[in-house]
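Please look over the sequence and structure before reading the notes.

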Protein chains: 2
Amino acid sequence: MAANPHINPFSKRYKKELDADQLFQQLRAGSLSALSQAITMVESQAVKDSAFAKAILQQALPHSGKSFRLGITGVPGVGKSTFIETLGKKIVEQGKKLAVLAIDPSSNRSKGSILGDKTRMEELVRSDRAYIRPSPAGKTLGGVARKTREAIILCEAAGYDFIIVETVGVGQSETAVHSMTDFFLLLKLAGAGDDLQGIKRGIMEMADMIAINKADGENATAAKHAVREFKNALHLMPAKDHGYTTQVLKCSGLNDKGVVNILNVIINFKQHSHNNGSFDKRREQQELYWLHQTIEDTLKSRFYSNAAVISKMIEIEKQVILKKLTPFEAAQQLLDIQG
Amino acid sequence: MAANPHINPFSKRYKKELDADQLFQQLRAGSLSALSQAITMVESQAVKDSAFAKAILQQALPHSGKSFRLGITGVPGVGKSTFIETLGKKIVEQGKKLAVLAIDPSSNRSKGSILGDKTRMEELVRSDRAYIRPSPAGKTLGGVARKTREAIILCEAAGYDFIIVETVGVGQSETAVHSMTDFFLLLKLAGAGDDLQGIKRGIMEMADMIAINKADGENATAAKHAVREFKNALHLMPAKDHGYTTQVLKCSGLNDKGVVNILNVIINFKQHSHNNGSFDKRREQQELYWLHQTIEDTLKSRFYSNAAVISKMIEIEKQVILKKLTPFEAAQQLLDIQG
């Protein structure tokens, strides 16, 4: 596949010639290159880029928040890319501008990440109204999630009114995606035997909809059973704040069956949640969640990267194991070092 | 019931007349009053008691660690007290000294906490070799858990070689008990319908044994089914480090059925885990867990109790909700205040 400007848009020209104001004007005017360059700046780890990133985010912020944000998760093999391609085409056909982002803290840009190889979304990628961006590289979920949150702000300022955030569910990434989206869709396969895992990790409880994908051909009967089983399981879950019952639907992303129905339910949910105020409430809770999560992550990383703490840690841990210090007294000694 | 010296041992005499060294000598010599007084000092929130508590813990620490620590959890109504009474009598009959402690962060000493009303353990409480201590009062799980951990150290220094820590499972208290015990026993009722909750919250995964209590009379058949169901569910759980398969057993604490079998399995586990080194490994991991948990809890509570942070928090949160600041930028501003 030839280099696609939607996916690999990095261009040094912008960095050299444009300041944040100019780049932001181009972004607002609909330039895909400007959007991509802005996201690249936000994703950059380089200290020299941070003032630029901050400036452009600060300008974008008042223009953000007006999209509908759809989170999609599912294990590898569930058919996420094909589903998103089919769903995404319907969204752009309705005249909406769609951005597809991803969270995958295990990804490494050079090794190819989810959404990195978009041959499977090749129809969607050709649409003028679709923007597809691979998962940012990063070592920690917190870092990757922050970059994706900031990319959402930029996409919204650029006029994208429908944003899909997908994840393969590494570590706590479903929680991260759930905490930045308005609707959380869990894709499942019939009879895949991972149901218990999903319950255990709280994914089912987070889901606003469960869709059994690949529910045709020889899977049709199993899918019917799966729908019933998931419905039963959901009965035991606590009710949701938004008062909307989690639906369990069947679909086939590949054969475009049931996908329009799913989209209709989502659009219905959007209307419903705007009407009863739960949309705004969920957004507010998410903002505060990220505020406090960032504070707590930073407190920890500051502490554990403190040179004096690092140099004392091994010795203190040894004293705890040798019963020379209680863990509580040891914690106090380390905390006293940081001051 | 008359005041019982095992339960309500507070005596001002010790505080006035004895220093930490003397109290510790009496504790080592087997004085129940000294043990109770030492635990009371460790539980005290008063600043004036903290040096005393620290001194006595530091003396106790080298004598600690030699007991077997058994965690027991189960929902209210599962029959924990009766089960512990029946099991505890068998333990003291084998010549062991047994201490029973509790974790219940929802408890308030004045309102009566779990283990506060021990009429249900009245036989056990009369044994010379049993020591029963109610859950310490406290607002946070971290605080209550720390006090219980320190009470374990004192009980071990006082020669108690079998320690039961029970919890009703409020909040994350099962995780706390699991993180301070060598064997974690989950009591269940047949057909109680809370299985999914247990899976979801990871309790089943933590359990080293599941015992279906009240498994006689008209519950006998349901208990048999429950054993099979739990065994099936456990097959889907990841294998444990200690290489010991989680057993599912039936019992009746009230009618003393199956309890001796449970004790035998626990004693067998103890031997097995000592032999393969997993006992020591688990203890080490627990010590480090409490070290890092204490550090992280303290970092957070220091931050959120900082007067300058408190006075700025509401304003900053408002700016985030009004989209004047990203949550990440807002976090940075608050972190800069603390310095």
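The notes below describe a predicted model. A rotation of 180° with 0.0 Å of shift along its axis places chain A on chain B, at an RMSD of 0.0 Å. That is how a two-fold axis relates copies.

**Interface between the chains**
- Of the interface residues of chain A, 100% are also interface residues in chain B, so the copies meet through the same surface.
- Lys54(A) and Glu329(B) form a salt bridge through their side chains, at 3.3 Å from N to O.
- Lys54(A) belongs to helix H4 of chain A and Glu329(B) to helix H15 of chain B, so this pair joins two chains.
- Lys54(A) is partly exposed at 44% relative accessible area, whereas Glu329(B) is buried at 14%.
- A salt bridge also links the side chains of Lys300(A) and Glu296(B), at 3.7 Å from N to O.
- This pair crosses between chains, from helix H13 of chain A to helix H13 of chain B.
- Lys300(A) is partly exposed, with 33% relative accessible area.

**Salt bridges within chain B**
- Over all chains, the whole structure holds 22 salt bridges.
- One joins the side chains of Lys90(B) and Asp256(B), at 2.9 Å from N to O.
- The partners are 166 residues apart: Lys90(B) is in helix H5, and Asp256(B) is in the loop between strand E7 and helix H12.
- Lys90(B) is buried at 16% relative accessibility, while Asp256(B) is partly exposed at 39%.

**A buried alanine**
- Ala145(B) sits in helix H7 (residues 141-157) of chain B and is buried, with 1% relative accessibility.
- Beyond its neighbours within four places in sequence, Ala145(B) contacts Ile103(B), Ala176(B), Met180(B) and Trp290(B).
- Its C-alpha atom lies 9.2 Å from that of Ala102(B), 43 residues away along the chain.

Note on methods: Residues are numbered from 1 along each chain as its sequence is written. Chains are lettered from A and ligands numbered from 1 in the order in which they are written. This is a predicted model: local features need pLDDT of at least 70, side-chain atom pairs count only at pLDDT 80 or more; totals for chains, interfaces and linings use all residues. Side-chain values use heavy atoms; hydrogens and water are left out. Copies are superposed by least squares on the C-alpha atoms of residues with pLDDT of at least 70 in both. Contact means heavy atoms within 4.5 Å. Helices (H or I, at least four residues) and strands (E, at least two) are DSSP runs, numbered from the N terminus. Buried means under 20% relative accessible area, exposed over 50%, partly exposed in between (1.4 Å probe, protein chains only). A salt bridge is a side-chain nitrogen of Lys or Arg within 4 Å of a carboxyl oxygen of Asp or Glu.
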